Amino acid sequence: MERCATGILAAALLVFMAIGINGCGEQSTVKSSDIIISTGPDGETIYVPRTVDAATSALAQYLQLQADFKGISKDGYFLDTQLANLHSQERLLSRAQALKWRWQNMDGKIIDLSSSIDQVKARIKTLDVNG
């Protein structure tokens, strides 16, 4: 009997974790106004979500990665950092596409997720010296 109760409790916990990770009833369109732009102590641009839902947080992360990529790619060094950044961008874009999120860029235009994924993959291919 104890095993059955433990199994039920574990199954319920897994369901709640899946809902928490994938979201339940969260917004599917994230507007540019849902992101706060601030400046760090060294003048870097920082993107912060106004809400704690997954779609908004993922957009803020994506915008941050794009901004960070511009800084690390200026001199051609840090190839591994550039690749890691691009792979993270690809994962965020793919997740947004799979979950049917619609993101607005900071100019208010909808981000075309498919073409953005293609662009990131093309950049990865140009940097990937091993394959």
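These legends accompany a set of close-up views of a predicted model.

**View 1**
The chain contains four helices and four strands. Followed along the sequence, they come in the order α-β-β-β-α-α-β-α. Of the 131 residues in the chain, 28% are buried. The accessible surface amounts to about 8700 Å², and carbon and sulfur atoms account for 58% of that surface. If we take the contacts between residues at least 6 apart in sequence, 51% of them link residues at least 24 apart.

**View 1. Helices H2 and H3 side by side.**
Two packed helices are described by the angle between their axes and the distance between the axes. Here, H2 (residues 54-72) packs against H3 at an angle of about 155°, and their axes lie 10 Å apart. That angle makes H2 roughly antiparallel to H3. The crossing of H2 past H3 is left-handed.

**View 2. Helices H3 and H4 side by side.**
Now let us turn to the other face-to-face pair in this set. The axes of H3 and H4 come within 9 Å, with a crossing angle of roughly 160°. H3 and H4 are therefore roughly antiparallel to each other. H3 makes a left-handed crossing as it passes H4. Among the H3 residues that meet H4 are Leu 79, Leu 83, Leu 86, His 87, Glu 90 and Leu 93. Their partners in H4 include Leu 113, Ile 117, Val 120, Lys 121, Ile 124 and Leu 127.

**View 3. The salt bridge between Lys 121 and Glu 90.**
How many salt bridges does the structure hold? There is one. Lys 121 pairs with Glu 90, and the closest N and O atoms are 4.0 Å apart. Lys 121 belongs to helix H4 (residues 113-127) and Glu 90 to helix H3 (residues 79-98), so the pair ties together parts that are 31 residues apart in sequence. Lys 121 is partly exposed, at a relative accessible area of 44%, while Glu 90 is buried, at 18%.

Why does Glu 90 count as buried? Its relative accessibility is 18%, and buried means under 20%. Beyond its neighbours within four places in sequence, Glu 90 is in contact with Val 120, Lys 121 and Ile 124.

**View 4. Pro 49 in strand S3.**
This view moves to a strand. Pro 49 lies in S3 (residues 45-49). Is Pro 49 buried or partly exposed? With a relative accessibility of 27%, Pro 49 counts as partly exposed. Which residues does Pro 49 contact, leaving aside its neighbours within four places in sequence? They are Asp 34, Ile 35, Thr 56, Ser 57 and Ala 60. Ile 35 is 14 residues away from Pro 49 along the chain, and the C-alpha atoms of the two are separated by 4.7 Å.

**View 5. Lys 100 and its backbone.**
Lys 100 sits in the loop between H3 and strand S4 (102-103). Its phi is near 60°, a positive value in a residue other than glycine. Lys 100 is exposed, with a relative accessible area of 64%.

How values were computed: Residues are numbered from 1 along each chain as its sequence is written. This is a predicted model: local features need pLDDT of at least 70, side-chain atom pairs count only at pLDDT 80 or more; totals for chains, interfaces and linings use all residues. Side-chain values use heavy atoms; hydrogens and water are left out. A salt bridge is a side-chain nitrogen of Lys or Arg within 4 Å of a carboxyl oxygen of Asp or Glu. Helices (H or I, at least four residues) and strands (E, at least two) are DSSP runs, numbered from the N terminus. Buried means under 20% relative accessible area, exposed over 50%, partly exposed in between (1.4 Å probe, protein chains only). Contact means heavy atoms within 4.5 Å. Accessible areas come from the Shrake-Rupley method with a 1.4 Å probe; for residues, only the protein chains shown count as cover. Axes are lines fitted to C-alpha atoms, for helices over the stretch in contact, and angles run from 0 to 180 degrees between N-to-C directions. Angles under 35 degrees count as roughly parallel, over 145 as roughly antiparallel, 65 to 115 as roughly perpendicular and the rest as oblique. A crossing is left-handed if the near helix is turned anticlockwise from the far one by less than a right angle, and right-handed if clockwise.
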